[in-house]
Amino acid sequence: MEADERLVPLALRDMTYTCRVLTPRRRTGTEPLVLIGGALQDMYSWPRLERRLTAHTTVVLVDLPGTGNAGDLDAAAGFEVLAEAAGHAIDRLGLGPVNVLGASYGAPIAYRLAQSHPDRVARLLLAGATPRVGPRLTAVVRQGLALVGAPGSRPAAEPERRAYARNVVDMLVNSATRQEVAQGPAVARLLERQLLRTSQSAALRYAACHERLLDTDLYPPGGISGVPALVFTGEHDCASSPAENAAVAATIAGCTFVLIRDADHMAHLERDAEYADLVTRFLRDEPVRGLPYCRYPGARP
């Protein structure tokens with residue numbers, strides 16, 4: 001289905017950012033889906049997924065402050081500020097209750113939005129969620145912070161940049177199980193090329209986002225109730241393990257937790273058709289149990 005596209009500039013206090021709204025030309029029966037992506041993504045990073053999803057719903061992709069082409073975000077600002085900015089975008093667009101998908105870095109933002117404003121969220125979906133960044137990913141993030149240095153510093157040497165890119169890719173596309181992941185080697189090559197082409201200014205923004213993940217509990221206490229929720233990731237995810245995703249799901253009343261087979265943290269690239277099908281089924285209140293491409297850890301028989 002073809003969709004009409006519009007860009008909506010937004011401002012909240014001293015923050016400037018942008019939404020990209022894709023509206024199907026044929027009426028759909030679900031609430032719009034707001035997609036909040038990862039630290040290495042912007043509102044143009046989901047082409048295959050957006051084509052599949054706009055067949056069923058309006059999709060809103062947002063460059064929140066500090067990401068993509070949005071304005072800068074104060075280094076001291078936390079996920080609460082980003083959740084407030086996401087809520088402001090929903091209000092500014094006049095969408096009413098929306099479905100919200102938070103992926104990776106976007107998951108704590110979507111969680112806070114649903115927790116503080118459950119009336120704005122019809123359904124919550126979290127992909128690649130972890131209560132706290134683990135030691136291995138922390139080490140990779142700190143390597144990146146040391147590599148970019150301070151604003152105005154010169155880019156790191158090629159060998160250092162390549163070593164860092166490989167470490168990042170080994171986390172996002174699990175190096176231990178890459179041959180078991182659908183399109184794993186191809187996705188790994190794609191990500192490494194993208195990282196090596198990253199400009200110094202973009203690398204500084206990525207580093208600031210990643211630093212926000214460190215040394216903190218990513219999900220506030222109190223949990224969520226009254227919002228239908230789905231938490232999912234790839235079965236081989238090592239950036240946010242299945243156990244870590246399950247721990248986040250356990251804080252949401254009535255939450256459904258599933259794993260996508262033959263995928264890891266980058267499931268939206270590795271199994272985009274299955275990823276889109278899972279999301280669409282949940283948005284339409286269709287069963288997400290018994291799908292051949294999913295596993296259901298801890299589910300009762």
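1. Three aromatic pairs turn up here, counting rings of Phe, Tyr and Trp (its six-membered ring) whose centres lie within 6.5 Å, with planes under 30 degrees apart called stacked, over 60 edge-to-face and the rest tilted. One of them is Y111 with Y219, edge-to-face at 4.8 Å centre to centre and 75° between the planes. Y111 sits in helix α3 and Y219 in the loop between α7 and β7, 108 residues apart. Y111 and Y219 are both buried (under 20% relative accessible area, 1.4 Å probe, protein chains only).

2. Some ground rules: this is a predicted model, where local features need pLDDT of at least 70 and side-chain atom pairs 80 or more, while totals for chains, interfaces and linings use all residues. Numbering starts from 1 along each chain as its sequence is written, and side-chain values use heavy atoms, leaving out hydrogens and water.

3. F232 and Y275 also pair edge-to-face, at 5.1 Å and 70°. This pair links strand β7 to helix α10, 43 residues apart. F232 is buried, as is Y275.

4. On to the sheet: nine strands form an open, mixed one in the order β1-β2-β4-β3-β5-β6-β7-β8-β9. Helices (H or I, at least four residues) and strands (E, at least two) are DSSP runs, and strands pair given at least two DSSP bridges. β1 and β9 are at the edges with a single partner strand each, so one side of each has no neighbour in the sheet.

5. β1 runs antiparallel to β2, joined by 10 bridges. Within that pairing, A3 has P24 as its bridge partner.

Methods:
Buried means under 20% relative accessible area, exposed over 50%, partly exposed in between (1.4 Å probe, protein chains only).
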